[in-house]
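Subject: Structure handover and notes

Dear colleague,

Please find below the structure I promised to pass on, with its sequence. My notes on what was found in it follow directly after.

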Amino acid sequence: MRDHIIDFGLFLFLALIWSSSFLLIKIGVDTIPPLTLTAARLCIAAAVLWLYLAVLGEGISMDPRSLAMYVAVALLGHCIPYAMIGWGETRISSSLAAILMGIMPVSTVFLAHWLIPDEPMNRRKFLGIAISFFGLLLLVGVATLSQLGESIWGQLGVLGGAISYSLCTIYIRSRKQMKVRELATGTCTAGALISLVPAFLFEDPLLLEPTADSLWSVITLGLLPTAFANLLYFRLIQRLGASTFSQINYLIPILGGLWGIWLLREPFSWNVFGSLFLVLCGLYLVQKSNAATRVSRSSPFTA
């Protein structure tokens, strides 16, 4: 019970950290273009994680299987979704993007049903996902759905990023033997090396003159929403399961709204708290479903 409370607390903390990315990216891209910003945050994260391993006297596996895993997770969890979602949001509104990102928990639950034996779909889990999605609609407004007919390519870009996150979550969850610090370091390193290529090809990062605010934002992005968050990310997927973890996608825009109200003095709305309540109810149902399934499968009295 104590471990479960700790995991759930870390889950909420991770959602809070990731939700701050919206604010930090908004500050950073003022003088640092997006491809360079992505490469910089991953380079900072990789450097910090390598330093962390050095202090602990650890390293990472460099065999072909491990290298393939680092590259796969870096592509599915960092490079592809960052690029597709960023590109999509230049063509559609952020509120519509938030709704389209809601496909990530749905696709993760359905993929987990077929690919992960101990995470089958059931009515309680489906109800939890539905409640959380309505919570997201309450936040961004049902009227946003009227935009679905606009800029189909921008919508497909965001959907592609969401599905990439789903595939990454399922891929990590399916790897039973996994060292969290090793995978976090290897993934950030692979992501940094991959993202440096388009940054230098298209944005000339060495010629930039970023402001102090932009520099501080990219440093914070590298330390918290990337380096530290990756350590929590890989731990929680294994501990909570892919279906429960995917619900974080509903929490992030809500907490991002709270950051905006607090730090940017954006207009206050009770919808944010109503949305948060619905998402937490949905999260509870999905987690209870996963817990019941694990108990059932481990019981010697299963029919």
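**Salt bridges**

D7 and R239 meet through their side chains in a salt bridge, with 2.9 Å from N to O; the term stands for a side-chain nitrogen of Lys or Arg within 4 Å of a carboxyl oxygen of Asp or Glu. This pair links distant parts of the chain, since D7 sits in helix α1 and R239 in helix α9, 232 residues apart. Helices here are DSSP runs of H or I with at least four residues, strands are runs of E with at least two, and both are numbered from the N terminus.

Before going further, please note that this is a predicted model, in which local features need pLDDT of at least 70 and side-chain atom pairs count only at pLDDT 80 or more, while totals for chains, interfaces and linings use all residues. Residues are numbered from 1 along each chain as its sequence is written, and side-chain values use heavy atoms, with hydrogens and water left out.

D7 also meets R235 in a salt bridge, at 2.8 Å from N to O. Because R235 lies in helix α9 and D7 in helix α1, the pair ties together parts that are 228 residues apart in sequence. As for accessibility, D7 is buried, with a relative accessible area of 4%, whereas R235 is partly exposed at 30% and R239 is partly exposed at 39%; buried means under 20% relative accessible area, exposed means over 50%, and partly exposed lies in between, with a 1.4 Å probe and protein chains only. Through shared partners, salt bridges join D7, R235 and R239 into one network.

A further salt bridge is formed by R173 and E119, whose closest N and O atoms are 2.9 Å apart. It links distant parts of the chain, with R173 in helix α7 (residues 152-173) and E119 in the loop between α5 and α6 (123-140), 54 residues apart. R173 counts as buried at 3% relative accessibility, and E119 is buried as well, with a relative accessible area of 0%. By the rule given above, the count comes to four salt bridges.

Just after α9, G241 takes a positive phi of about 95°.

On the surface, F13, L16, V48, W216, I219, L223, L224 and F228 form a nonpolar patch, with about 690 Å² of accessible area together. Patches are made of residues with over 30% relative accessible area and no salt bridge, like charges being joined within 9 Å and nonpolar side chains (Val, Leu, Ile, Met, Phe, Trp, Tyr) within 5 Å; the accessible areas come from the Shrake-Rupley method with a 1.4 Å probe, and for residues only the protein chains shown count as cover. The elements that give two or more residues to this patch are α1 (2-28) and α9 (212-240), and the largest share, five residues, comes from α9. F228, whose place is in α9, is partly exposed with a relative accessible area of 32%.

T226 is also found in helix α9, but T226 is buried, with a relative accessible area of 0%. Its side chain makes a polar contact of 3.0 Å with the side chain of R41; a polar contact is a pair of N or O atoms within 3.5 Å, where within protein one must be able to donate a hydrogen and the other to accept it, and residues adjacent in sequence count only if both atoms are side-chain atoms.

**S107 and the chain as a whole**

S107 is found in helix α5 (residues 103-115) and is buried, with a relative accessible area of 16%. A polar contact of 2.5 Å joins the side chains of S107 and S166, and S107 lies 6.9 Å from I163, C-alpha to C-alpha, although the two are 56 residues apart in sequence.

The chain has 12 helices and zero strands, and buried residues make up 47% of its 303 residues. The count of disulfides comes to zero, a disulfide being a pair of cysteine sulfur atoms within 2.5 Å. Of the cysteines, C43 is partly exposed, with a relative accessible area of 30%, while C79 counts as buried at 15% relative accessibility.

Best regards
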